[in-house]
Amino acid sequence: KGEAAVRQIEQEDPDAKAEFLQVDLADLASVRRFGDEFSSHYDRLDLLINNAGIMATPFAKTADGFELQFATNHLGHFALTGLLLDRLVRTPQARVVTVSSWGHHFGVIDFDDLHGEKDYDPGGAYAQSKLANLLFTYELQRRFEGAGVDALAAAAHPGWTATKLPAHRRMVRMLNPLIGQTPEMGALSALYAATAADVQGGDYYGPGSWGGLRGHPAKVRASDRAYDAAVAAKLWAVSEELSGVRYRWPVGNENQAT
């Protein structure tokens, strides 16, 4: 699919320069390989959209021993952003956009059972991972500001979009034709957060109609839990420990993660 997308881009714009690099966000070794490969090719990174996601899957663990949804939706993106941090810092006005979900409203970060080993609920695990996306975004913005980095972190969600994401949610699949908007419409919020001139650090965008389920992008408010700075800081520390990627913030213009 990635290679087909590159061909389509090149067909529609012969002057475009597109390259496909593969990464499995559920595998931290793959994330590290991707970070090394990207950094060996490119000296700057203007925009990172953390968009990979799975939804309400049956219980499974990754090769690293983490619950699949938490690992893919949050930990993989946390590690990827950290490994690309030096490229982001080198790039004036860089942006990191992380894609959450309207479903984050149902999420709670269960530090006593992050990986669902005591009590696994597919929908609850999904909501937790999507809340983690927002906690990460707001904490990343606070750390950008604290380190004096000329970059911003924002978030977006696609509303109810008719894709194959809810493969394990029969009712959602049945309602897709009635409620779901097109993937093109669902992508607009992330694209707005990534490109619009009025976006500020910590902004969150989603569809502006149907209670946030459909429509063109609008600035929206996340759940109160998403703005809990203490929980965000604790999740950050736990994520560094679990992923093995520790963000090292710049002195002057030096920055890297290990």
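Colleague: Why does Y138 count as buried?

Modeller: This is a predicted model, in which local features need pLDDT of at least 70 and side-chain atom pairs count only at pLDDT 80 or more, while totals for chains, interfaces and linings use all residues. Residues are numbered from 1 along each chain as its sequence is written, and side-chain values use heavy atoms, without hydrogens and water. Buried means under 20% relative accessible area, exposed over 50%, and partly exposed in between, with a 1.4 Å probe and protein chains only. Y138 has 5% relative accessibility, so Y138 counts as buried.

Colleague: What makes Y138 and Y227 an aromatic pair that is stacked?

Modeller: Rings of Phe, Tyr and Trp (its six-membered ring) pair if their centres lie within 6.5 Å; planes under 30 degrees apart count as stacked, over 60 as edge-to-face and the rest as tilted. The structure holds 13 aromatic pairs. For Y138 and Y227, the centres are 4.8 Å apart with 20° between the planes, and the pair is stacked. The pair links distant parts of the chain, with Y138 in helix α5 and Y227 in the loop between β5 (214–219) and α9, 89 residues apart. Helices (H or I, at least four residues) and strands (E, at least two) are DSSP runs, numbered from the N terminus.

Colleague: Why does Y227 count as partly exposed?

Modeller: Y227 has 31% relative accessibility and therefore counts as partly exposed.

Colleague: What makes the pair of Y192 and Y205 tilted?

Modeller: The planes of Y192 and Y205 form an angle of 50°, at 5.1 Å centre to centre, and the pair is tilted. Y192 belongs to helix α8 (residues 188–195) and Y205 to strand β4 (residues 204–209). At 30% relative accessibility Y192 counts as partly exposed, whereas Y205, at 4%, counts as buried.

Colleague: Why is S129 called buried?

Modeller: S129 has a relative accessible area of 0%, so S129 is buried. S129 lies in helix α5 and touches Q69, F70, N73 and H74, not counting residues up to four places away in sequence; contact means heavy atoms within 4.5 Å.

Colleague: What makes K234 a charge over the face of F111?

Modeller: A charge sits over a ring if NZ of Lys or CZ of Arg is within 6 Å of the ring centre and within 35 degrees of the ring normal. K234 lies over the face of F111, at 4.4 Å from the ring centre. R214 lies over the face of W210, at 5.1 Å from the ring centre.
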